[in-house]
Amino acid sequence: MAGLEDADRSLTPVVDGTFRFVVGSGAVRGECARLRESWRRILERRAYPAPVIALLGECLAAAALLTSTLKTFQSDGRLTLQIQGGRPVSLLVAECRSDLTVRAMARFDGEGVAKAGSSLRALAKGASFAVTIDPGGDYDSYQSLVPMEGVSVADALNAFMLRSEQIESHFALAADGNRCAGLLVQKVPQTGGKVEADPDPDLWNRVQTLAVTLARKELLELEGTAILHRLFHQEEVRLWPKRPVTFACRCSKDRVASVLKILGTDEIRGLLADRRTIEVDCDFCGQQFTLGAEEAWAALAG
């Protein structure tokens, strides 16, 4: 397949990352994401049952794929996938920033997870699913709600991209205790002006049909270029250099103080009623922050 032999030398498998590719004349584009070390660092901080690991990892892979497709990000931009208000998973957050640093966490009822099925709707019954994009800088953030359609995160995002963004897309997502991975292919929308004749009008149908055949085991075990060769070896594929993905959490004592300010006087008074300090653990990295009474009241006044 054109382009893959040379790309294999630059897309080293030892580094977590994403890379972009284009099929044919450019009417179909795609992204591959594969996370191992960054995913391990997320999982080592909390004990999650297997169904939650799969759901959290699929959301993280999707966040990395979507972030890689955005061109309007400033240096402090970020994209967040959030599932909230459901049962037995009450909260799930997967965040990817413009520099491809990631973090993720979930809260859940263990007994409920053990009784629930493995589908998205079974694990997050009654939840809202949102994609929030904060471009950074002086730009306003915006949020889109994702209908909980289908049995998986990929199903929900495929329907969302077609209905809300008018982009025909196919997500393939998978995660286990060792890695999370994703593949995204999209039909490039034609924009403005005169529409030129498509030299290969059947390309998107072929790509989508082949992408659907990708098995979960293949997505988890094969490297990105091997996946593309497996799917599209009869097509011309051009690759972009891999962009590394790393785990990073930007929690700090100042950010904890800003949360206390939101809580208000009554809540802080209640937290300090039985002790002289307020202890807060970061759900993403596990770091603990301790604020004394004077610090807590100063945060409220600040």
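The legends below describe close-up views of a predicted model. Local features need pLDDT of at least 70, side-chain atom pairs count only at pLDDT 80 or more, and totals for chains, interfaces and linings use all residues. Residues are numbered from 1 along each chain as its sequence is written, and side-chain values use heavy atoms, with hydrogens and water left out.

**View 1. The rings of Phe-21 and Phe-232 form an aromatic pair.** A search of the whole structure finds two aromatic pairs. Rings of Phe, Tyr and Trp (its six-membered ring) pair if their centres lie within 6.5 Å; planes under 30 degrees apart count as stacked, over 60 as edge-to-face and the rest as tilted. In this view the ring centres of Phe-21 and Phe-232 are 6.4 Å apart and the planes meet at 35°, so the pair is tilted. Phe-21 belongs to strand β1 (residues 17–23) and Phe-232 to helix α9 (residues 224–232), 211 residues apart. Helices (H or I, at least four residues) and strands (E, at least two) are DSSP runs, numbered from the N terminus. Phe-21 and Phe-232 are both buried, where buried means under 20% relative accessible area, exposed over 50% and partly exposed in between (1.4 Å probe, protein chains only).

**View 2. Tyr-48 and Phe-108 form a tilted pair.** The centres of these rings are 6.0 Å apart and their planes lie at 50°. Tyr-48 is in the loop between α2 (37–43) and α3 (50–69), while Phe-108 is in strand β5 (residues 101–108), so the pair ties together parts that are 60 residues apart in sequence. Tyr-48 is buried, at a relative accessible area of 10%, whereas Phe-108 is partly exposed, at 27%.

**View 3. The cysteines form zero disulfides.** A disulfide is a pair of cysteine sulfur atoms within 2.5 Å. The sulfur of Cys-251 has its closest cysteine sulfur in Cys-285, 3.4 Å away, which is too far for a bond. For Cys-96, the closest cysteine sulfur is that of Cys-180, at 11 Å, also too far for a bond. Cys-96 is buried, with 0% relative accessibility.

**View 4. Helix α7 (residues 203–212) has a buried side.** Its buried residues are Leu-203, Trp-204, Val-207 and Ala-211. These residues cover an arc of only 95° around the axis (taken from the directions from the helix axis to the C-beta atoms), so they lie on the same side of α7. An α-helix has 3.6 residues a turn, so residues three or four places apart point the same way. The face turned away from the buried side carries the exposed residues Thr-209 and Val-212. The buried residues of α7 pack against β1, β2 (28–35), β9 (169–175), β10 (180–187) and α9; contact means heavy atoms within 4.5 Å.

**View 5. Leu-157 is a member of the largest nonpolar core.** A nonpolar core is a set of buried Ala, Val, Leu, Ile, Met, Phe, Trp, Tyr and Cys residues joined through side-chain atoms within 4.5 Å. This core has 60 residues, and those touching the most other members include Trp-39, Leu-60 and Leu-157. Helix α3 gives the most to this core, with twelve residues. Leu-157 touches Ala-62, Leu-81, Phe-129, Val-146, Phe-171 and Leu-173, not counting residues up to four places away in sequence. A second, separate core of 23 residues includes Val-207, Leu-214, Leu-228 and Leu-239.
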